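Trainee: I have a structure open and would like to learn how to read it. Where do we begin?

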Amino acid sequence: MAAEEMNIIAIELGSSKVIGVAGTKRSDGKIEVTAHVQQDASKFIRKGIIYNADLAVSCVKNIIEKLEEKIQKKIFQVYVSYSGQGIHSVHNEVIRSFEEEEHKILKEDIDSIYDENTNYSYEGQCILDTIPQEFSVGTQKLSDAVGVMGNRIEGRYLNIIAKSKLLNYIENCFKNIGGVRVVEYKLTPLVVADQLLNEAQKNSGCVLVDIGADTTTVSIYKSKLLRFLSVIPLGSDNITKDIMSLQLEHKEAEELKVSKFGEPYASFTEDEGEAIIRTTPDGIVIKRKELSSIIDARLTEILINVKQQINESKYVRESLVAGAFLTGGGANMPNISNVFKEVVGIDKVTVRKNSQSADYILPQGIKNSETRFLAALGLIANANQNCTTDSDLNRNMFVEEETPVEPLQTVEEQTADDKEQTQAEKDEKTKKPSVLKSFINKFATISKRITEE
């Protein structure tokens with residue numbers, strides 16, 4: 001591996017899947033994805049929270065082993081992203097006064113009030129990440145207060161918090177995976193936003209709505225900073241489960257949801273609404289208007305919750321100049337942009353599926369569904385530590401390459417012939433002196449002759 005290149009391993013714990021991606025950060029600045037693995041997480045993750053620790057550990061171990069097999073390298077550390085129900089942002093302020101009338105604010109002062117903020121206690125919850133918002137010194141509002149003169153400073157912070165068990169369960173999961181450490185835990189909404197939004201859009205103001213399987217995340221950016229975040233415990237899989245009430249299996253319901261017949265708020269004639277789009281093996285007839293009605297009801301509920309979160313952020317729609325950006329599996333539904341405009345009341349809506357921030361070389365398996373891998377790709381793009389070693393580094397350096405090494409056998413694997421041969425070899429060894437012993441005996445004989453002469 002060239003010195004300029006790094007092999008990065010990223011694992012995303014999603015609400016419905018666990019995804020592992022191996023990527024090489026090349027010396028030319030491009031990121032080449034060399035392997036990817038995904039595994040269903042519905043049996044041990046619910047709305048982003050691990051509820052079966054053993055299955056979670058087994059899944060992550062399996063993903064790491066598969067990645068190692070594909071890239072033929074040993075993985076010793078990984079980057080991890082996560083999200084989950086109950087994650088939300090809260091504002092906090094820290095005030096510090098100084099004895100001097102004209103105190104020069106130092107970096108140490110900024111670090112001190114930052115630490116005071118991160119040590120703030122929320123009952124039953126913990127701080128997952130902190131985004132400094134601004135500082136006030138006198139009448140000045142600043143993004144950086146180092147070097148400014150004043151006797152009082154007020155720091156404003158956006159703390160992202162959740163129930164302590166959310167991160168504790170994840171950390172415990174990786175602690176039980178031997179030989180692999182976590183370089184960094186990152187919140188998936190922040191990683192995805194960096195992949196989909198550019199600085200201009202974050203500066204002018206926008207809302208990013210990630211409609212996942214079990215959760216929907218609302219993130220608001222203004223003046224280049226995250227200003228609000230909330231994870232709603234509703235997602236596109238709720239729509240799929242509603243469609244299953246028409247006596248369909250989950251896979252069939254999912255296919256109908258994203259098909260042309262799954263168009264929400266569809267405008268069709270009475271005859272078009274009566275059109276039969278599916279007949280089940282039990283003879284149940286599904287009409288287009290029935291499917292549309294089911295999708296409309298649940299999608300409306302999700303988007304009303306999105307609208308409510310935007311209202312709670314205190315950022316009026318007019319201040320979000322860049323509009324709304326939709327992503328996630330739910331954003332693949334037909335006509336989703338028009339429905340969002342009608343329910344939420346934001347006219348400028350963009351469905352975004354591909355990264356805007358890095359130059360990736362992607363295999364076909366990711367090109368066709370890049371949205372699903374955005375968090376893992378973002379982890380790789382921002383990583384700065386190599387995560388692998390060559391798979392043969394633990395090989396015995398004293399073994400000659402041309403000498404084949406026989407595989408070890410267990411006691412149960414040895415046949416009767418093997419046992420007889422093993423005993424014969426032992427007997428032979430008792431008869432034959434070792435090479436070193438023969439050399440010592442020969443040297444002693446020569447020495448004796450010289451002495452006698």
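Trainee: How many helices and strands does the chain have?

Mentor: The chain comes to 14 helices and 23 strands. One of the strands is strand 2, residues 17–25, and Ala 22 is found there.

Trainee: Is Ala 22 buried or exposed?

Mentor: A residue counts as buried when its relative accessible area is under 20%. Ala 22 has 1%, so it is buried.

Trainee: Which residues are in contact with Ala 22, apart from its neighbours within four places in sequence?

Mentor: Among them are Ile 8, Ile 9, Val 33, Ala 35, Leu 67, Ile 71 and Ile 380. Take Leu 67: it lies 45 residues from Ala 22 in sequence, yet their C-alpha atoms are 6.9 Å apart in space. For the whole chain, consider the contacts with a separation of 6 or more: 67% of them join residues 24 or more positions apart.

Trainee: How much of the chain counts as buried?

Mentor: Of its 453 residues, 44%. The chain exposes about 24,800 Å², and carbon and sulfur atoms supply 48% of that area.

Trainee: How many disulfides are there?

Mentor: A disulfide needs two cysteine sulfur atoms within 2.5 Å. By this rule the count is zero. Cys 173, for example, is in no disulfide, as the nearest cysteine sulfur, that of Cys 59, is 8.2 Å away. Cys 173 is buried, with a relative accessible area of 4%. Cys 387 counts as buried too, at 0%.

Trainee: What does the chain average in pLDDT?

Mentor: The average is 87, and 85% of the residues score at least 70.

Trainee: Where does pLDDT stay under 50?

Mentor: Over residues 393–422, for which the model has eight contacts beyond four places in sequence. Residues 428–437 also stay under 50, with one such contact. Where pLDDT is low, the predicted coordinates should not be read in detail.

Key:
Residues numbered from 1 in each chain as written. Predicted model: local features only at pLDDT ≥ 70, side-chain atom pairs only at ≥ 80, totals over all residues. Heavy atoms only, no water. pLDDT = per-residue confidence, 0-100. Contact = heavy atoms within 4.5 Å. Helix = DSSP H or I, 4+ residues; strand = E, 2+ residues; numbered from the N terminus. Buried < 20%, exposed > 50% of the residue type's maximum accessible area, 1.4 Å probe, protein only. Areas by Shrake-Rupley, 256 points an atom, 1.4 Å probe, with all protein chains shown as cover.
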